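Here are my notes for you, point by point. Keep the picture open while you read.

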Amino acid sequence: MAQDATVPKLNFKYWLDKATEWGQATTLESQKDVCLHLPQLQEFLHQLYETIKHLSSTVAIQQFPLIGQLLGRLCWNPFVMGYDESQKTLMWCLCCLYSSEPQNAVEMKANSWIRSLLCHLLSSSEWESNEAETSTFISALGYTSADYYCHLVKNMVISLVTELRENHFNGLNIQGSISASRVNAVSIFCVPLITLPDLTPLLETLLLYHGGSSKEILSSEFLEAVNEAFLKKKISLPESAVFSLWLRHLPSLEKATLHLLDQLFSIQLNSLEEVACVMKDSLLPQAASHPAIFRIVNEIFKNALMETDGTSGVMTIIQVFTQLFLQAHQNENKQHKFPLKAYFPYHHQPLVRGLVRRPLELPTTYWSQHLKHISDMLKALVEDTNVCSLTDLFEIWFLVACFGEWLDIAAEELLKAAVEPDTVLWLLAFYYCPKNENQQRTQTMVEAQAVYNHLMMLFSCTDLSLKDLEAAVHRITGIEQCWNQSLTTHLLTNFLLFSPGGHKVAQECICHITKTTDTSKDVYNLLIRTAYRFKHTGEENQRTVKLLNELLQKLTLKV
């Protein structure tokens, strides 16, 4: 059996006879003969791959009708699988036979057979189920079956990764490059094995691989499976690979964003630190440094806001996301940083620049001036009837809402008498009532002015009772609706936090105005935003921080 070591090139019949004769190499004689022929067999397989890699699967099978039988038998021979790069070459040959767009039942059946065969090459259970046949070979190597499988997969993955990376960096070498259909086939074969830890380097390489094709070369099934496994924490990938996944596959990015929203809605979050932690863990704020990802995520958030009727909880989530995005953007290397216009291409750029300046970047003495600048620009845009349609109005409002940190500071500065009241009241009135149909915003302004004047009369009082605040409280809890209860709630809550006498009646007053769930959520979200900012700026005294924590503990049971 061991004679005939010289073999004609691409002599399929010779090698098929040999493969049939060897079987799974269970006898000593067959094992010796396999070992004798392994170098020539590997050379044959390499020549075969070089011949068929430029052919379509149909043409390859027509030219070499015995190829399926041969490859199928060799894949079950443990000696062939364990020799040098034979397993990798067999895998590439099988990929060449895979029809990326099967035209008939025969091609579909062939694809199914190829998939199962490649899964067998990587599956530990297959090796373990044939332990009796392979034990002699594995024992001779000094491995257990588990060790053998582990080394086999690692070596194959390393080899594939090396070849893909070399091809990626040598993309202009057309003759030696890997075709898009072959890479597509490899991605498909990875789908059942996505969570295999040893496969992670190959997943990363595939996600970062683009080749020379203008179309997506990785299969959608592969991209969806990787995204699903990542979202469920079944695999861990480098940030660059995850960002590449979301950039090349929009459905995965959409699913990741909706998954984040579901997470945030389904758990009780007691602080914005927890919200920020969940967000950072999702990698979406970091990925949003790429403008395409930012704009899509922002659009999904916008739709979520509209579907929930603009609830304060969703708005708070959007505001925290925007803050984290700005941090990630500022930390970007200047060489790779995109201009702001790439993220907000259709907005008034001076307004964008004004909103993007975070309060932490400015001395507190400049806050009032900056708020006036924002309010003046915004008012000019909104009141320009020539350019501001309802759609434009909503887009402007959403832009301002994303940077809600400035709105919270506006309400605080207003009660501290640190700003021009008319300018800041207009800004808050626009946020809480962007449309001015039937003079809604104008009426909101009038009522906000009345509440503000009443609260400012009481601001210096140190001995307050709930009765003193009755007028403001009645606008929130009364039967007749004021034009905007949310704005009144915002002003009153800040009064309780920042006025000398507000602390004394804060708990009683908050309990009174939060009898409805909606008001409870509005106050709760305002308080956790304020607490979050205090922790990052240290701008308020311990007495205010203590009151904040006490109020949050009480409201946690209500929301």
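1. Let's begin with how helices are picked out: helices (H or I, at least four residues) and strands (E, at least two) are DSSP runs, numbered from the N terminus. Asp 408, for instance, sits in helix 24, which covers residues 404–415. In total the chain has 31 helices and zero strands.

2. A word on what you are looking at. This is a predicted model, where local features need pLDDT of at least 70 and side-chain atom pairs count only at pLDDT 80 or more, while totals for chains, interfaces and linings use all residues. Residues are numbered from 1 along each chain as its sequence is written, and side-chain values use heavy atoms, with hydrogens and water left out.

3. Now the overall picture. Of the 559 residues in the chain, 51% are buried (buried means under 20% relative accessible area, exposed over 50%, partly exposed in between, with a 1.4 Å probe and protein chains only). The accessible surface of the chain is about 25,900 Å², and carbon and sulfur atoms account for 54% of that (areas come from the Shrake-Rupley method with a 1.4 Å probe; for residues, only the protein chains shown count as cover). Take the contacts between residues at least 6 apart in sequence: 71% of them join residues at least 24 apart (a contact means heavy atoms within 4.5 Å).

4. Back to Asp 408. Is Asp 408 buried or exposed? Its relative accessibility is 4%, so Asp 408 counts as buried. Its side chain makes a polar contact with the side chain of His 490, at 3.5 Å (a polar contact is a pair of N or O atoms within 3.5 Å; within protein, one must be able to donate a hydrogen and the other to accept it, and residues adjacent in sequence count only if both atoms are side-chain atoms). Setting aside neighbours within four places in sequence, Asp 408 is in contact with His 490, Asn 494, Leu 526, Arg 529 and Arg 533. Gly 404 also belongs to helix 24, and it is buried, with a relative accessible area of 3%. The C-alpha atoms of Gly 404 and Leu 355 are 9.1 Å apart, though 49 residues separate them along the chain.

5. Next, look at helix 14 (residues 239–248). Why can we call helix 14 largely enclosed by the rest of the structure? Because seven of its 10 residues are buried. Those are Ala 241, Val 242, Phe 243, Ser 244, Leu 245, Trp 246 and Arg 248. They pack against several helices, including helix 12 (200–208), helix 13 (220–231) and helix 18 (291–307).

6. Helix 15 is another partner of helix 14. The axes of the two helices come within 5 Å and cross at roughly 115 degrees (axes are lines fitted to C-alpha atoms, for helices over the stretch in contact, and angles run from 0 to 180 degrees between N-to-C directions). Helix 14 and helix 15 are therefore roughly perpendicular to each other (angles under 35 degrees count as roughly parallel, over 145 as roughly antiparallel, 65 to 115 as roughly perpendicular and the rest as oblique). Leu 245, Trp 246 and Arg 248 of helix 14 meet Leu 250, Ser 252, Leu 253 and Ala 256 of helix 15. The residues of this contact divide into five nonpolar, one polar and one charged (Ala, Val, Leu, Ile, Met, Phe, Trp, Tyr, Cys and Pro count as nonpolar, Asp, Glu, Lys and Arg as charged, and the others, Gly among them, as polar).

7. Compare that with helix 28 (residues 485–498) and helix 29 (residues 502–513), whose axes come within 8 Å and cross at roughly 150 degrees. That makes helix 28 roughly antiparallel to helix 29. The residues of their contact divide into nine nonpolar, four polar and no charged.

8. Leu 551, in helix 31 (residues 542–556), is buried, with a relative accessible area of 3%. What does Leu 551 touch, not counting residues up to four places away in sequence? Leu 497, Ala 506, Gln 507, Ile 510 and Leu 527.

9. Finally, Ser 312 lies in helix 19 (residues 312–331) and counts as buried at 17% relative accessibility. Its side chain makes a polar contact with the side chain of Asp 522, at 3.1 Å. The backbone oxygen of Lys 521 lies 3.5 Å from a polar atom of the Ser 312 side chain.
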